Amino acid sequence: QVQLVESGGGLVQAGGSLRLSCVCSGRGSSYYAMGWFRQAPGKEREIVAAISGIGGNTYYANSVKGRFTISRDNAKNTVYLQMNSLKPEDTAVYYCAASEKSPYSNNYVTESGKYDYWGQGTQVTVSS
């Protein structure tokens with residue numbers, strides 16, 4: 001069974017930075033495609049960034065492009081989301097997700113329905 005545990009959320013002023021971490025445990029999960037999603041109050045969950053299992057191919061939502069960076073350390077089974085120049089509209093619960101459908105693939109996954117495992121979420125609050 002794969003488990004995802006996020007950490008690193010918190011309260012930050014606009015313009016500040018945070019780094020989220022997601023540790024993925026479970027046999028064979030080191031090379032799953034991974035993603036970060038977020039859900040703000042009253043809004044649907046949306047993709048923020050995604051990364052392939054191998055090759056380091058990445059995807060970013062337009063709203064975070066140039067400010068956020070997704071990366072992974074397969075030796076540590078950890079995926080990171082470095083968030084810079086944070087804005088109040090980045091306030092949300094951030095979720096880490098893993099897709100086992102195409103391990104060891106160069107392809108990232110952007111559709112939430114194609115992810116098989118989800119973390120419990122970590123709150124990010126950006127004050128103005």
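Me: Rings of Phe, Tyr and Trp (its six-membered ring) pair if their centres lie within 6.5 Å; planes under 30 degrees apart count as stacked, over 60 as edge-to-face, and the rest as tilted. How many aromatic pairs does the structure hold?

Reply: Two values describe a pair of aromatic rings: the distance of the centres and the angle of the planes. This structure holds five such pairs. One of them is Tyr-31 with Tyr-104, stacked at 4.7 Å centre to centre, with 20 degrees between the planes. Note that the model is predicted: local features need pLDDT of at least 70, side-chain atom pairs count only at pLDDT 80 or more, and totals for chains, interfaces and linings use all residues. Residues are numbered from 1 along each chain as its sequence is written, and side-chain values use heavy atoms, leaving out hydrogens and water.

Me: Which parts does the Tyr-31 and Tyr-104 pair tie together?

Reply: Strands (E, at least two residues) are DSSP runs, numbered from the N terminus. Tyr-31 is in the loop between β3 and β4, and Tyr-104 is in the loop between β9 and β10 (117-118), so the pair links parts 73 residues apart in sequence.

Me: Is Tyr-104 buried or exposed?

Reply: Buried means under 20% relative accessible area, exposed over 50%, and partly exposed in between (1.4 Å probe, protein chains only). Tyr-104 has 53% relative accessibility, so it counts as exposed. Tyr-31, at 29%, counts as partly exposed.

Me: What kind of pair do Phe-37 and Tyr-115 form?

Reply: Their centres are 5.3 Å apart and their planes at 85 degrees, so the pair is edge-to-face. Phe-37 is in strand β4 and Tyr-115 in the loop between β9 and β10, so parts 78 residues apart in sequence are tied together. Both Phe-37 and Tyr-115 are buried. With Trp-118, they form one aromatic cluster.

Me: Which rings does Arg-45 sit over?

Reply: A charge sits over a ring if NZ of Lys or CZ of Arg is within 6 Å of the ring centre and within 35 degrees of the ring normal. The charged end of Arg-45 is over the ring of Tyr-95, 4.1 Å from its centre. Arg-45 also lies over the face of Trp-118, at 4.6 Å from the ring centre.

Me: Where does Ser-29 lie, and what is it in contact with?

Reply: Contact means heavy atoms within 4.5 Å. Ser-29 lies in the loop between β3 (18-25) and β4 (33-39). Its relative accessibility is 2%, so Ser-29 counts as buried. Leaving aside neighbours within four places in sequence, its contacts are Val-2, Cys-24, Arg-72 and Asn-77.

Technical notes: Helices (H or I, at least four residues) and strands (E, at least two) are DSSP runs, numbered from the N terminus.
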